[in-house]
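Subject: Structure for your files

Dear colleague,

Here is the structure we spoke about, with its sequence. My notes on it follow below.

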Amino acid sequence: MAGHMPMRHISREELYTDIESRVRYLHSFLDFGSDDIEALIYASKYVKILIPAVVNIVYKKLLQYDITARAFTTRSTSFEGPLDTTPTENSPQMLHRKAFLRAYLNKLCSDPSRLEYWKYCNKVGLMHVGLGREHPLHVEYIHLGATMALIQEVMTEAILSHPRLSMTRKIAIVKALGKVIWIQNDFMAKWHVRDGDEFQQKAAGEGGRDHPAVEPEGYLDGKKVLEDDDSEDSPAARKSGLPRPTSGSSPGGVCPFSGMSRDIQDPVASVPNEDRTNPVVKVEGDVSATATKA
């Protein structure tokens, strides 16, 4: 039959016991390939200058609700007891969390063709269920999913509002970022749902799910994978020219980055037109085989 594709076998057990198999399946299902990697590499210079403002928007939102704000004082969104203090955007724990989110979003702008990239996405998921940290952190999935959706919305609006990117570029970047964010969302959900528990228990023995080693934030398998982040008031952050919300939120329908057409220097203004349209992409690493579309 013309156009018929053979059905591929996916091992259910490997999805729950082998990160690389899970990543390959998600890449295949979402058609995450070389076009997406090229779009992310190209977009990194634009996304990075958005990050300080994105972080401010996210944490301003998290402090609007007591159930999400309590995670910054009790280390758990399920805790219902009285709170000793009410965190503000300038509280020490909030400044620490902002620095981590900036470093994490910068990590998302790195090379998604390498397995380490996705292993760290998995670690971000396990860190929010009380694992892999000296001081356990528990955040229920509903809040994690909503936060990822907020990050995607803010970045999508900023990219689509960019005054110099072509619509073709905008579409490619938004699609690629969406796939990365939803794969990260899967790695969040993976540690909350009980699907595949029988395989987890088999792999970990009678003790149930495997318990990863405790490491400092920003480390994976003993290696530092998050770079030290400049503060939002650093020269690099100030150069972006992006607005930093100070109170409330943007009026409905108004892009929080609407002023960037006046302030952002086009980082590819000096690149020849033909290079802007067809940049050369070099893809390599542990999962590079997944970066080529069938």
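**Helix packing**

H3 and H9 are roughly perpendicular to each other, because angles from 65 to 115 degrees are counted that way and this pair packs at about 100 degrees. Please bear in mind that the model is predicted. The axes of helix H3 (residues 34-62) and H9 lie 9 Å apart. On the H3 side, the contact is made by Asp36, Glu38, Ala39, Leu40, Tyr42, Ala43 and Val47. H9 contributes Arg169, Ala172, Ile173, Ala176, Leu177, Lys179 and Val180. Sorted by class, the contact of H3 with H9 has ten nonpolar residues, four charged ones and no polar ones.

The closest N and O atoms of Asp186 and Arg22 are 2.8 Å apart.

Met167 lies in helix H9, which covers residues 167-189. Together with Leu160 and Ile171, Met167 forms a nonpolar patch on the surface. The accessible area of Leu160, Met167 and Ile171 together is about 280 Å².

Regards

Notes. Residues numbered from 1 in each chain as written. Predicted model: local features only at pLDDT ≥ 70, side-chain atom pairs only at ≥ 80, totals over all residues. Heavy atoms only, no water. Patch = residues over 30% accessible without salt bridge, like charges linked within 9 Å, V, L, I, M, F, W, Y side chains within 5 Å. Areas by Shrake-Rupley, 256 points an atom, 1.4 Å probe, with all protein chains shown as cover. Salt bridge = Lys/Arg side-chain N within 4 Å of Asp/Glu carboxyl O. Helix = DSSP H or I, 4+ residues; strand = E, 2+ residues; numbered from the N terminus. Axes fitted to C-alpha atoms, helices over the stretch in contact; angles between N-to-C directions. Parallel < 35°, antiparallel > 145°, perpendicular 65-115°, else oblique. Contact = heavy atoms within 4.5 Å. Nonpolar A, V, L, I, M, F, W, Y, C, P; charged D, E, K, R; others polar.
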